[in-house]
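Here's a walk through one protein model, with the cut-offs spelled out along the way. Have your viewer ready.

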Amino acid sequence: MKRLFLIAVPLFAFVLTGGIALAEDTEAKLELPTGTITLQAPEDAGYKATLSPVNFPHSLHFSYSCKECHHTWDGNGPVKSCGTSGCHENHWAPKPGQEDVSENGVKSMTGAFHQVCRDCHRNEVDKQKAAGSKNIASGPVACSGCHPDPHSEVASSDEKLSIPLGIITIKAPEGVNATRNPVGFPHGHHFQFACKDCHHEWDGESEIEACSSCHNEIKPSGSRNIKDESNQMYYLAAYHNVCVTCHRDTDKKHRQAAKDMAQGKIEKADLPKTAPVNCSGCHS
């Protein structure tokens, strides 16, 4: 794999494969690199790095949303390099007294990486401490934690997963006489959520199996209540618990944000998108 700054790197998308519950309705694909990506200054940066490159464990970050890092990605096409023109194209911030050559005050590439990566690591430590955790698990915050000395070798993995964009049709598994239409699931609209919000057993590198490979019960165990723990492996309970619960939470956030907008606290563009919470909204 080439260096991150020189190619478009897709992040944190996912696909269900190997099952009978889904049919892909789109040919658009995204190549998701798994494993480790080496981050280093681009060749044309005009800057000689004094610290070693960073071996970034990409697969360990799939519990976060794509857009935590790729904040301008629309979820439809390749993810552009952080150093793309108009983004964080200046490698280092200007020294005091020098003219800022960046447009619109865009943060330098080095500044952007440190703010996103190091600040997130610090926030993780704070959250775990606040939750009373005794075993803190987070990424490094010291220079040597990311930039080892002596320098480590460039270790970019060549492993990738092919990710569908657009619509995926979710159908009832074989043996079920469905009474409602299949669900047209807009996969590309969900990349602001972490892969593991849905694919909670995924290791970040293997091919992702269909939900029905685990949640393979086609009939409820006793009651049809999807919150019944005995229905954990009932395929309908799995889908409805994840999808509808998240949609309802998003709907609540939208209603609260609408009140904030009416009071002039936020702009209309900042309203979270709503999602269907009734049967016909998904089974149209």
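What follows goes from confidence and overall layout to one helix, the cores, the cysteines and a loop residue.

## Ground rules and confidence

This is a predicted model, so local features need pLDDT of at least 70 and side-chain atom pairs count only at pLDDT 80 or more, while totals for chains, interfaces and linings use all residues. Residues are numbered from 1 along each chain as its sequence is written, and side-chain values use heavy atoms, with hydrogens and water left out.

The pLDDT (the predictor's confidence in each residue, from 0 to 100) averages 80 over the protein chain, and 84% of the residues score at least 70. Residues 1–23 have pLDDT below 50, yet this stretch has 107 contacts in the model beyond near neighbours in sequence; a contact means heavy atoms within 4.5 Å. Where pLDDT is low, the predicted coordinates should not be read in detail.

## Overall layout

The protein chain has 5 helices and 7 strands. Both are DSSP runs numbered from the N terminus: helices are H or I with at least four residues, strands are E with at least two. Along the sequence the pattern reads β-β-β-β-α-α-β-β-β-α-α-α.

Of the 284 residues in the protein chain, 31% are buried. Buried means under 20% relative accessible area, exposed over 50%, and partly exposed in between (1.4 Å probe, protein chains only). The accessible surface of the chain is about 17700 Å², with 51% belonging to carbon and sulfur atoms; areas come from the Shrake-Rupley method with a 1.4 Å probe, and for residues only the protein chains shown count as cover. Among contacts between residues at least 6 apart in sequence, 63% join residues at least 24 apart.

## Helix 1

Helix 1 covers residues 109–130, so 22 residues, and its first and last C-alpha are 31 Å apart, close to the 32 Å expected at 1.5 Å a residue (the expected span is 1.5 Å times one less than the number of residues). Its buried residues are Met109, Thr110, Ala112, Phe113, His121, Glu124, Val125 and Gln128, and strand 3 (36–39) is included in what covers them. After the helix comes Gly132, with a positive phi near 85°.

What does Thr110 touch, leaving aside its neighbours within four places in sequence? Thr110 is in contact with His91 and Trp92. Thr110 counts as buried because its relative accessibility is 12%.

## Nonpolar cores

A nonpolar core is a set of buried Ala, Val, Leu, Ile, Met, Phe, Trp, Tyr and Cys residues joined through side-chain atoms within 4.5 Å. The largest one has 13 residues, and Leu32, Trp73, Ile163, Phe191 and Trp202 have the most contacts inside it. Strand 2 (29–33) and strand 5 (160–164) are the elements that give two or more residues to this core. A second, separate core has 7 residues, including Ile170, Val183, Phe185 and Ala237.

How many disulfides does the structure hold? It holds 0 disulfides, taking a disulfide as a pair of cysteine sulfur atoms within 2.5 Å. For Cys66, the closest cysteine sulfur is in Cys195 at 5.7 Å, too far for a bond; Cys66 is buried, at 0% relative accessibility. For Cys87, the closest is in Cys82 at 7.9 Å, also too far for a bond, and Cys87 is partly exposed at 25% relative accessibility.

## A loop residue

Thr50 sits in the loop between strand 3 and strand 4 (54–57). Thr50 counts as exposed because its relative accessible area is 64%.
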